Amino acid sequence: MDQAQLLSSLLVSVGYRLPVMIALGVALVLLLGAPKAGARSAALWALAILMATTLFGAVLAVLPLLLIAAGNFDGIAALNTALGIGHFALSLLEAGGFVLLAWALARALRANAAAPG
């Protein structure tokens, strides 16, 4: 694998995650403009978890490409199980981030419904 193919593969891997990162960035900007509350803090934590899992997922997707480019084919075979465990852990974290985000939304909606007005 030459440098151009490696760069192309890396850009495609990052490109797949770009729409999600843009959406998370927009959500972050919206939350930063919201009034400070417990639900806002929980939602910011949820976004941080989702951003981190997206970035770590990109890193995990790139590792085999880097090993192929380096010619370390034995490393790829050994890395297979570790990558599976890593992707599973990231899926669990991502699920937790979504649950935290939904909890923050429900808390904010309940607080809004309970407010007089």
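A: Ala106 lies in helix α3, which spans residues 73–114; helices here are DSSP runs of H or I with at least four residues, and they are numbered from the N terminus. The model is predicted, so that local features need pLDDT of at least 70 and side-chain atom pairs count only at pLDDT 80 or more, while totals for chains, interfaces and linings use all residues. Residues are numbered from 1 along each chain as its sequence is written, and side-chain values use heavy atoms, with hydrogens and water left out.

With a relative accessible area of 25%, Ala106 is partly exposed (buried means under 20%, exposed over 50%, and partly exposed in between, with a 1.4 Å probe and protein chains only). The C-alpha atom of Ala106 is 8.5 Å from that of Ala39, although 67 residues separate the two along the chain.

Helix α2 covers residues 38–70, and Ala52 belongs to this helix. Ala52 has a relative accessibility of 29% and is likewise partly exposed. Between the C-alpha atoms of Ala52 and Leu93 the distance is 9.2 Å, and these residues are 41 apart along the chain.

Helix α2 also packs with α1 at an angle of about 175°, their axes being 10 Å apart; axes are lines fitted to C-alpha atoms, for helices over the stretch in contact, and angles run from 0 to 180 degrees between N-to-C directions. The two helices, α1 and α2, are therefore roughly antiparallel, a term for angles over 145 degrees.

Technical notes. Parallel < 35°, antiparallel > 145°, perpendicular 65-115°, else oblique.
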